[in-house]
Amino acid sequence: MAENKPTEQPPLRRISGSRIFIFILGLLFLVFLLSRNTSEKEITWAAFEKDMLQEHAVAKVEVTNGELAEIYIKPELLKNDKYKDVSKNFMGGVNPGPHYYLMIGSVESFEHKLELAQANFDEKDKISVVYAKKSNWWINALSWLLPLALLWFFYSFMFRRMGATGGKGFGLFDFAKSNPVVYEKEKSVPVTFKDVAGYDEAKTEIMEIVEFLKHPDHFTKLGAKIPKGILLVGAPGTGKTLLAKAVAGEAGVPFFSLGGSEFIEMFVGVGASRMRDLFDQAKAKAPSIIFIDEIDTIGRVRSRALSMQANEERDSTLNQLLAEMDGFDPNTGVILLAATNRPDILDPALLRPGRFDRHIHLELPNKKERLAIFKVHLAPLLLDKSVDAENLAAQTPGFSGADIASVCNEAALIAARKNKTSVDGKDFSDAIDRIVAGLEKKTRIISPNEKKVIACHEAGHAVVSWMLEHADALQKVSIIPRGKSLGSTWYLPEERQIVTRSQFIDQLCSALGGRTAEELVFHETSSGAIDDLEKVTKQAYMMVVNLGMSDKVGEISYYDSTGMYESLLTKPYSESTAQLIDEEVRKLVNEVHERTKEVLVKNREKLDQLAQLLLEKEVVDKTDLERILGKREWADKKVSSETASA
């Protein structure tokens, strides 16, 4: 026997408040139309007196609010063609009146004029005047409906957009809730550890976190506890966010991602509320990962020295973050991942063990790592056989992963601009020049005299760096304007972990080579060396103030790794020490200048030859440099030492 099942009722449709509100407004408007006599017409006093009053067609006159006289025509006369326009209402029925209206100046004046107009009338023919006070209920209704409508629309268009997105509702205080980008099985990240080239040590350490989330029993059975927080530290472009995306792609657990600035609002307390809501969401979907990019936005150090610059909203958000990291149980499986390029300004309470237990430092990639990064970004490009990834890695010391990605993309754009079928080595060379020095200014007008000064300047850099042992290896020299520079000298810096005083001195001499060459050849200097002077001054002060490379100042460093000195209004040393530092810096720069001058005087003929060649070719490569300046002996010594160590 078939079982009788109750029929399911269809779910009730939810009627939104906006539809109800619009329905009420429409109903009120309909009532207004039904109640209003649209056939009523305005007339003048002369027409009223001549056409109606003298013909005894008026039934009564009603004066409303002392401003308006409403005129009622006798019902038996409405059938006349004279009154056919006012005999019917807008629905087609009989119009009971009023049929006409007349604006009056004052009640006394109207009564006097009416009395004079009816002076010859019998008493039975005189019309009666009724006085009434009426209020416009429609205007009164709008007086309270309009503010409600304005509040409703403000709520709909402002708080909906500010507070809640993604179907989370539209409550008034939803703007205090966190709205991270959540990556789960339905919405996965296409980036994995295979897409992150280089940084093998960093990947090994962070892969351990992924393994814990996938197989927590393997660690907990031995009594191990996973770190609560992992801080990714590195210069801009080193791949912190990319590594975090790879974690999201590999982990297979909910990944909550948002920036530190999303916690800061104009309302005090919103940041702390969003922080609580973020951790509540992560706990509900544990095991999970929270990623906060640019955490220094909310994690800046709290200090008495910074009390005048205090940000109450940021401090309350940081306090809530500290409480959440201490508050949740270590076995809940919620891990906080954060990234910053300013670890020196983070609060010590945030960096202590138990909160951010591990700090993963991402340095600028070395040659081997740059080669791996180039291979990743070269893979989707159509390359010519002349492209050598190892050569590109050697030409880009100091480049970050983002710089390398930009070089590859720029090379492809240059090749496409020239209608090539593949990207060749020349395109990559132009792309590196474009990234380092800027766009070539072919239309910039330079006079012949200025061009001579520029050629002499760049030749001075080249000669000095070529003749000094510890200066960077020179690749090419150009007097073609690029970006803000009128000329450029291209070096291949040696990748060093430490720099000695003699190496610093040679670098300073190389930087001063251009200005000193101008002084030697033209017996005066120009404004073109401003960048060189700035570089020399900063490096000289760093040697004296931070590195202790001055005999008089001594083995003292005023370098501040915590970043506290930046917020102080005074220097961390006395006025007498400041004067001594200035004297030592000036002495150091003068010594470097004299040494640079000696090198150029000794090689004056080569300086003139190179400057003349630059005027002819505009770009001089390494082959031309070796022909004029000779083989660089320091390069042979370096190659032989590397071969011996190998």
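Hi everyone. Let me start with a term: buried means under 20% relative accessible area, exposed means over 50%, and partly exposed is in between, with a 1.4 Å probe and protein chains only. By that rule Lys 418, at 43% relative accessibility, counts as partly exposed.

Now, a word on what we're looking at. This is a predicted model, where local features need pLDDT of at least 70, side-chain atom pairs count only at pLDDT 80 or more, and totals for chains, interfaces and linings use all residues. Residues are numbered from 1 along each chain as its sequence is written, and side-chain values use heavy atoms, with hydrogens and water left out.

How many salt bridges does a search of the whole structure find? There are 15. In one of them, Lys 418 pairs with Asp 430, and their closest N and O atoms are 3.5 Å apart. Asp 430 sits in helix H15 (residues 425-437), while Lys 418 is in the loop between helix H14 (401-417) and H15, so the pair links distant parts of the chain, twelve residues apart. Asp 430 counts as buried, at 15% relative accessibility. Lys 426 joins in as well: Lys 418, Lys 426 and Asp 430 are linked in a salt-bridge network.

Next, please find Lys 283 and Glu 324. Their side chains meet in a salt bridge at 3.8 Å, N to O. Lys 283 belongs to helix H9 (residues 270-284) and Glu 324 to helix H10 (residues 312-327), so this pair ties together parts that are 41 residues apart in sequence.

One more pair: Lys 617 and Asp 624, with closest N and O atoms 2.6 Å apart. Here Lys 617 is partly exposed at 44%, and Asp 624 is buried at 10%.

On to the sheets. Strands pair if DSSP finds at least two bridges between them. Six strands form an open sheet in the order S6-S8-S9-S10-S7-S11, with mixed pairing. Strand S6 (181-183) and strand S11 (356-362) are at the edges with a single partner strand each, so one side of each has no neighbour in the sheet. From one strand to the next, the twist averages 20°; for angles, axes are lines fitted to C-alpha atoms, for helices over the stretch in contact, and values run from 0 to 180 degrees between N-to-C directions. Strand S7 (residues 229-234) runs parallel to S11, and six bridges join them. Helix H6 (residues 200-214) lies across S7, strand S9 (288-293), strand S10 (334-340) and S11, at about 140° to S11.

There is also an open sheet of five strands, ordered S1-S4-S3-S2-S5, again with mixed pairing. Its edge strands, S1 (41-42) and S5 (128-132), each pair on one side only. Strand S2 (residues 58-64) runs antiparallel to S3, joined by six bridges, and Val 58 stands opposite Ile 73 in S3. Helix H2 (residues 45-53) packs on this sheet, touching S2, S3 and strand S4 (100-103), and its direction makes about 155° with that of S2. Contact, by the way, means heavy atoms within 4.5 Å.

Have a look at Glu 70 in strand S3 (residues 68-73). Glu 70 is buried, with a relative accessible area of 10%. Its contacts beyond four places in sequence include Glu 40, Lys 60, Tyr 101 and Lys 134.

Finally, the cores. A nonpolar core is a set of buried Ala, Val, Leu, Ile, Met, Phe, Trp, Tyr and Cys residues joined through side-chain atoms within 4.5 Å. The largest one has 44 residues, and Leu 610 and Leu 625 have the most contacts inside it. Among the elements that each supply at least two residues are helix H16 (448-467), strand S12 (473-478) and helix H21 (622-629). Apart from this core lies another, of 29 residues, including Phe 193 and Val 247.

Notes. Helix = DSSP H or I, 4+ residues; strand = E, 2+ residues; numbered from the N terminus. Salt bridge = Lys/Arg side-chain N within 4 Å of Asp/Glu carboxyl O.
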